[in-house]
Amino acid sequence: MDDLKEEIRIGVYVCHCGTNIAGIIDVKEVSRTAAGLPGVVISRDYKYMCSYPGQAIIQEDIKEYKLTRLIVAACSPLMHEETFRNAAAKGGLNPFSFQMVNIREHGAWVNDDKEAVTMKANDLIRAAVYRIVCHKPFQRTRVDIQPSVLVVGGGIAGIQAALTIANAGKKVFLVEREPTIGGHMAKFDKTFPTLDCAACILTPKMTSVKAHPNITLWAYSEVRKVEGFVGNYKVQVGRKPRYIHEDLCVGCLKCIDSCVYEKPQFPKEFDLGLSKRKPVYIPFPQAVPQIPVIDPETCNKIKFGKCKQLCMEACNERKAIDFDQKEKIEEIEVGAIIIATGFKIFDPKRLPCYGYGIYQNIYTSIEVERLLNASGPTGGKVVLQNGKKPETVGIIHCVGSRDVLNTNSWCSRVCCLYSLKLAHLLKEHTEAKIYNFYIDIRAPGKNMEEFYNRVSKEGIHFIRGRAASVTLDDSDENMSGVVIQAEDTLIGKTLKVPVDMVVLSVGMEPQPDAKEVGRMFSIPCAENSFFLEQHPKLAPVSTMTEGIFLAGCCQGPKDIPDTVAQAGAAASEALSLIDNGYKELEPYTAYIEEDECAGCKTCIPLCPYSAISLHEEKKKAIIQETLCRGCGVCVSACPSGSIKQKLFEDREIFCEINGVLERQ
Amino acid sequence: MNSKKWEPRIVAFFCNWCTYRAADLAGISRMKYAPNVRIIRVMCTGRIDPQFILNAFSKGADGVLIGGCHPGDCHYVEGNYKALRRFRLLSRMLKDMGIEEGRLRLEWISASEGEKVQWAVNNMLEKVRGMGPLDLPDHFKEWDKEMEMVKPELSEKVVRNG
């Protein structure tokens, strides 16, 4: 107990914060009261303690009065705790010989009664004086950081993040669940508001990912397990069997041509089932990697064990095809992780009133993207089921968005603008009459409102009102048309608009497995299941778990420009973490007083980070400090009181309680 | 203190990530609430040892308020669930000890709910004011006096039994 010998000399500083504090709290009185507390050798008040002269006063006093402890009563510790810890360190004290008292946010700003709030400030300072006597000096623990990054998800967000990091000279592992990278963007025809072709701007980036010496691309793979902590994540990636060896295949695609199925006859996932593929296929012509995949559900050899295996013959001496391929687990160590797992498109079958899957010629917006695309199922021709061009098209906005009662409360942000884009493209392709049924047109952002103005001048009709239903058109003799019913809220009339084709502007939803993915990476989901950022304004790409960052729509709906910007931000956060080489841990970690520990194991299952284990020989608990995040759950559960949390030791908190309650 | 009108005293334990931040937000938004509360910061409600609460009552608190992240939102995954379990157990014990139910209270308050801090403090204060002073320190003194009075008798018995 060497701290008993130590002389306690406390300096108390009361900040005016201009008039923020001094306008309500009698700072002179508070400072005088503090001077009378045990151990306090100097007490001052000053206009701005956080200013340079304010900090200089502290540093001079530390020398002159030989202070060993420091208390600043000012704003919230979340604001300036680090400032004053640094000031203490510059003055020669241990940074943790400091305690901050919040008399602004929790005092002056929430109370009008001058006398009562001055008393509150006195109580809080007394508590700090009592508590700080127990403070022990310590150093923050440093951990080394692996100079590599894992990017999960190979859509535009993951691609952008991976390229940024790789270009900085760091190693990147890019893991994508689908057989190709590119994500949703690869399926789009054009992109708003510039109308440049999605493939033209995306595929060069996809190719650079494959070609980049610093990027290891694992498509058709999933993260299976994540362990470790900031700077040192150990990750297991499962590489699903393609039944084709990536390192032997040259992408000649002869296996596809030679397959016993002469014609494609299974629904092609990339075209959302609008076209067909063979059991061996590549998702789309510019897929990266340019390697086919064999679908075990439809391949005769894998499913039934019987096939002429013409593909094997075509592959010849390359021997790239392997029907016995199994999932292979790769183990990697990375310093940081970027989650870019994207979104799920809303399934309009959940709203049967719109007739999707019931009537003909009702498409989702993403299906129309494929229909418009030159490499899509119709080669870029928009035609009805009967082969004719549509003469009237209705576009229904906000399907699965802004619908608190039935589906999702949020605005998916992109639907207004892609609906305008589709209206323009459909008009261009078919010269049809186009009706937009909208609640509001939301077109914020650079050049977006201008795009809206442009499209609205192209003779496209806008009806302000959420469409109520889509029903069969009885008056149509072919029974192929449908009627959209909606209230035009601008004229207060119910309209029935017969159309040949309906486009449902479906919104974005979190991936169905977002919760499990969140649990695997220890990142929480917000109420709506999109991943939660650490701070919506000041830490928008960080998560509550250090070293794990977010990019793209897994954090919330956004368009391509915002996604790319956010991916760049996540990449630079990851870089600034790994480039430093080391990381200082939170100071509040728990440790065990070995002599007191009875080895009862109460604490072990309580730790959410598995940081506690039992030393087999000593029969005592040990805490791996690098895994401890400092919640203190084990500390309050330990029956013998042998676990201590730095800066939140039992006696420190007891002193604080006694301090605030002591009667004056 | 005795000459003045009695004012309830509430000790609050707020977690660093949600409720402490909510209390900061209440300040930044200048939401006024009763000055009777003294907020003590802990990193997680899971750190709150039931002894802290007993200590607060025994040192003169009329009420103890615990504020933590909403279920599912805990910064440390599940510390708030552990706090909830301890809270439930302790509440039952306090009731058995004759301490009214509303004197210990648990509220889930997220970092964006400054208004809820204002409401929770004011609402709790009103309820505790209705219950009157708990005043355990004075009771302890009285009980000590009673113990002194029965001491001779007690020690006689102890000797006889021993």
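Reply: Chain A has 17 helices and 34 strands. Its 664 residues include 48% that are buried, and its C-alpha atoms fill a box of roughly 95 × 70 × 40 Å along the principal axes. Four domains are assigned in chain A: domain 1 (1-138), domain 2 (254-318), domain 3 (343-509) and domain 4 (585-645). The centres of domain 2 and domain 3 of chain A, taken over C-alpha atoms, are 34 Å apart, and each of these two domains gives six residues to the contact between them.

Please keep in mind that this is a predicted model. It scores ipTM 0.93 and pTM 0.79. For chain B, the mean pLDDT is 91, with 95% of its residues at 70 or more.

Now to chain B itself. It contains five helices and four strands. The C-alpha trace of chain B spans about 65 × 40 × 20 Å along its principal axes. Of the 162 residues in chain B, 51% are buried. In chain A, the corresponding share is 70%.

Next, look at where the two chains meet. Here 37 residues of chain B are in contact with 39 residues of chain A. On the chain B side, the elements that give two or more residues are helix 1 (19-28), strand 2 (37-42), helix 2 (50-58) and helix 3 (79-96). Helix 1 of chain B supplies the largest share of that side, with six residues.

Leaving out residues up to four places away in sequence, Val11(B) touches Ile657(A), Val660(A) and Leu661(A) in chain A, and Arg38(B), Ile40(B), Ala56(B), Ala61(B) and Val64(B) in its own chain.

Val11(B) also leads us into the largest nonpolar core, which has 115 residues. The members that touch the most other members are Ile71(A), Val72(A), Ala73(A), Ile125(A) and Val11(B). Helix 5 (residues 114-132) of chain A gives this core its largest share, nine residues. At least three residues of the core come from each of domain 1 and domain 4 of chain A. A separate, second core has 85 residues, including Ile165(A), Ile215(A), Val223(A) and Val280(A).

Before you leave the picture, find one pair of helices in chain A. The axes of helix 12 (residues 415-430) and helix 13 (residues 448-456) of chain A come within 10 Å and cross at roughly 35 degrees, and this crossing is left-handed. Helix 12 of chain A makes the contact through Leu417(A), Leu420(A), Ala423(A) and His424(A), while helix 13 of chain A uses Met448(A), Phe451(A), Tyr452(A) and Val455(A).

Methods
Residues are numbered from 1 along each chain as its sequence is written. Chains are lettered from A and ligands numbered from 1 in the order in which they are written. This is a predicted model: local features need pLDDT of at least 70, side-chain atom pairs count only at pLDDT 80 or more; totals for chains, interfaces and linings use all residues. pLDDT is the predictor's confidence in each residue, from 0 to 100. A nonpolar core is a set of buried Ala, Val, Leu, Ile, Met, Phe, Trp, Tyr and Cys residues joined through C-beta atoms within 7 Å. A residue is buried if 20 or more other C-beta atoms lie within 10 Å of its own, exposed if 12 or fewer, and partly exposed in between; C-beta atoms are placed from the backbone. Domain bounds come from an automatic or database domain assignment. Two residues are in contact if their C-beta atoms, placed from the backbone, lie within 7 Å. Axes are lines fitted to C-alpha atoms, for helices over the stretch in contact, and angles run from 0 to 180 degrees between N-to-C directions. A crossing is left-handed if the near helix is turned anticlockwise from the far one by less than a right angle, and right-handed if clockwise.
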